Amino acid sequence: MDQNELRQWERRCIQEEPPACTAACPIHVDVRSFVGHLQKGRWDQGWQTLARTMPLAGLVGRICDGPCEARCKRGEAGDAIRIAALEQACVRLARSEYRVTRLPGRPKRIALLGSGLSSLTVAWDLVRKGYGVTLFEPGDVPGAVLCDAHPVLTPAIVAAELASLETLGVAFETGTAVHGQAFFEDRRDRFDAFYIGLDAVASLQWPLDRGAGGEVRIDTGTQATSRPEVFAGGDVLSTIWRVAQGRWAATSIDRFLQKVSMTAGREREGPYDTRLYTSLTDVVAQPAVPMADAKAGYSESEAMAEAARCLICQCLECVKVCPYLENFGAYPRKYVREIYNNESIVMGSRSANLLINSCSLCGLCEAVCPEDFAMQDLCLQARRSMVQRGKMPPTAHEFALEDMAFSLGEDFFLARHAPGAGESSHLFFPGCQLSASAPGQVDALYAHLNHALGGRVGLMLACCGAPAFWAGREADFDRALAQWQHHWEALGRPKLIVACATCHVVFQDHRPEVPVQSVWETLAEVGLPPIDTDSAAGPLAIHDPCTTREMPHVQVAVRRLLDQLGVSIAELPLSGEKTECCGFGGLMQNANPDLAREVIRRRADLSGYDYVAYCAMCRDSLAAVGKRTLHLLDLIFPDRRIPDPATRPRPGWSARREHRARLRTDLLDRWWGETPSGGPEYRALVLRMAPDVRETLDARHILVEDVQQVIARAEAGSPKFRHPGTGRVKAAGRPRHVTFWVEYAPCEAGFEVFNAYSHRMEVHGP
């Protein structure tokens, strides 16, 4: 990722866009933070927030006319937040002072005319930048014009604010005849720039271009006049707009004196449209909190109640629905920067790698994002980059890739025409995970399809290569697909029927020339077999796999089948195009198993009904957290040996391989009359394990086959340790990239295993 790509990714996440109120404020007060403090009664913090942006906040905060309220999102669900009234309350209730700093003095001097709001703002901004500022007031008392226009401003309040300006270094000269040309010529020699506060001074005879009505021509935004050293503003009714024009003029004067561009980078001065999205779903309309005494303004409790109505606008649509995005404590814009740093600067810190590898690549973030931000694309791109540069930790995906290799190897792979057929009109591809979870139903489903479609349905057992794709290993993925395509072409390029939605997506996206259809659509067309079972009692909550997000035709076919089965269904809050991942996708379960469990637990808690799924891994993941869940095939091909299939436990990793291997053996024997050759001798070792030991090994991704190899090696004479007291043996073996340690003892049936663990190391020695 280069800098341009980084910027493009960052721009697509709008979480850091300002809320509508701040964008609408002419001087961009941080209203969200300000009101957030008031919700908790933190008046001093609210005051500090206000004063960071608002000049002379003790004065302006009392008379701000709040044009931002017209854009308040709460106004679309009830009354807008009364922000101006909250400012008045905060200014009255706060007790702290805002500490003002002043930059080192500069040699330039600026003259201000009139003590209206715009001139005072110019004075506030420029004196803090270090300029010498003198304010010329034609009247006898500076700020008197403010008291006349705003009865809420007492002379004491105005005097206190002007005193703060004097403390900073602003000089006031009153009773000055500022209107004549003589004043202009005299001050031109003494000052470097002028500001005319038209909200306090009028009828000037200065040599400036004027409009038809005699008004001074001003370039709105820069507040420049026809004389380069003269600026003006304040000729508007709104109090906060007068402040804004003073601020723009101060910026222009500073740039004029520094001889830099007057316009560059000022696109977002004044109100603008924000891209921030705020959902009003579930927001109940509320009226504004009334004031018991309108003249006095909000009391403390009233102000807190009114502030509590604020929505504290932010987007976070993706974070609201994604435990993964929530888990890392930020949002996509920050994650983009973190991934960029990881790739370009840090070169692989563990925390960033975990962020990259924990995404399930399900695409829900993109489905709910107003700007279509695709976190899955970002993470997959980063994984590929890490793999190419040799920066991907092998442990992140190794187990899944080994499992894929098993499914592509001789223990599971199979490609045949239907028994007795010399060609295939269709090819059934059940996928590796359905075969691992429910091999008996794969057999029954194949028999039904072959019969319903005329006896020319071929069968292929393999993996589509999705684990390599998710791991960012493009070369491994290409090899897996190439192997699959070679056999598909050898079978005469039949129409593909897939039972796994992930396989469906892989072939659809990466082999578009292959005609592919979901088995659920096929069943909806050819019909279901006679079903000798009772319908499931009560509604079932249907869980769509995330890989069907963009396949509504598959989701519709599944619902049609359930209707034919007489099963009433309930939709989960997030379903269809917004369905959630089960925690298996994108290899989340390998990279971050704790997060994967949290993901599926949240999904399981969405409904009190039993669930029905049509993805084997979704069903097994839900079952693993104790959620009663049926697979659709449990209803179509019920196994009478299982009285309550909703309680069928998730098969462990070892069982999943055993199921696949046995499925291949059984199919070859029953359908084609073939007897596969036996496997390695170590597989004949009989192991006995307590249930908790078996669960521990499964959680550690240690297969029974790994244990068998270690014991076989030790019993054949490899070094091992024997505990003199218990007689237990501890031995190590490294059948793959990982060294496994097994604690065991011989028993009558074979060997009893007490514990096993693994780590990435080589054990050397005799």
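In this tour, contact means heavy atoms within 4.5 Å. Helices (H or I, at least four residues) and strands (E, at least two) are DSSP runs, numbered from the N terminus. The model is a predicted one, in which local features need pLDDT of at least 70 and side-chain atom pairs count only at pLDDT 80 or more, while totals for chains, interfaces and linings use all residues. Residues are numbered from 1 along each chain as its sequence is written, and side-chain values use heavy atoms, with hydrogens and water left out.

**Stop 1: two helices**

Select residues 474-490, which are helix α23, and residues 501-510, which are helix α24. Show the side chains of Phe477, Leu481 and Trp484 in α23; they meet Val506, Phe507 and His510 in α24. Of the residues in this contact, five are nonpolar, one is polar and none is charged. Here Ala, Val, Leu, Ile, Met, Phe, Trp, Tyr, Cys and Pro count as nonpolar, Asp, Glu, Lys and Arg as charged, and the others, Gly among them, as polar.

Two packed helices are described by the angle between their axes and the distance between the axes. The axes of α23 and α24 come within 12 Å and cross at roughly 90°. Axes are lines fitted to C-alpha atoms, for helices over the stretch in contact, and angles run from 0 to 180 degrees between N-to-C directions. The two helices α23 and α24 are therefore roughly perpendicular to each other (angles of 65 to 115 degrees count as such, under 35 as roughly parallel, over 145 as roughly antiparallel and the rest as oblique).

**Stop 2**

The strands belong to an open sheet of five, in the order β6-β8-β7-β9-β10, with mixed pairing. Two strands pair if DSSP finds at least two bridges between them. At the edges stand β6 (414-416) and β10 (516-518), each with a single partner strand, so one side of each is left without a neighbour in the sheet. From one strand to the next, the twist averages 25°.

Now select β7, residues 426-429. Which way do its side chains point? His426 and Phe428 point one way, Leu427 and Phe429 the other way, and all are buried. Buried means under 20% relative accessible area, exposed over 50%, and partly exposed in between (1.4 Å probe, protein chains only).

Next, look at the neighbours of β7. Four bridges join β7 to β9 (residues 495-498), and these strands run parallel. Three bridges join β7 to β8 (residues 457-461), also a parallel pair. Center the view on Leu427: its bridge partner in β9 is Leu496, and in β8 it stands opposite Gly458.

**Stop 3: aromatic rings**

Rings of Phe, Tyr and Trp (its six-membered ring) pair if their centres lie within 6.5 Å; planes under 30 degrees apart count as stacked, over 60 as edge-to-face and the rest as tilted. By this rule the count comes to 22 aromatic pairs. Select Phe136 and Phe183: their ring centres are 5.4 Å apart and their planes are at 85°, so the pair is edge-to-face. This pair links distant parts of the chain, with Phe136 in strand β2 (residues 132-137) and Phe183 in helix α10, 47 residues apart. Both are buried.

Another edge-to-face pair is Tyr324 with Phe328, at 5.6 Å centre to centre and 70° between the planes. Tyr324 is buried at 2% relative accessibility, whereas Phe328 is partly exposed at 24%.

Then select Phe136, Phe183, Phe184, Phe191, Phe194 and Trp206, which ring pairs link into a cluster.

**Stop 4: single residues**

In helix α10 (residues 181-190), pick Ala182. Buried or exposed? Ala182 is exposed, with a relative accessible area of 62%. Draw a distance from Ala182 to Trp43: the two are 139 residues apart in sequence and 49 Å apart in space, C-alpha to C-alpha.

Go to Leu56, in the loop between α4 (43-53) and α5 (57-63). Leu56 has a positive phi of about 45° although it is not a glycine, and at 3% relative accessibility it counts as buried.

End at Lys259, in the loop between α11 (239-258) and α12 (300-308). Lys259, not a glycine either, has a positive phi of about 60°. Lys259 is exposed, with a relative accessible area of 74%.
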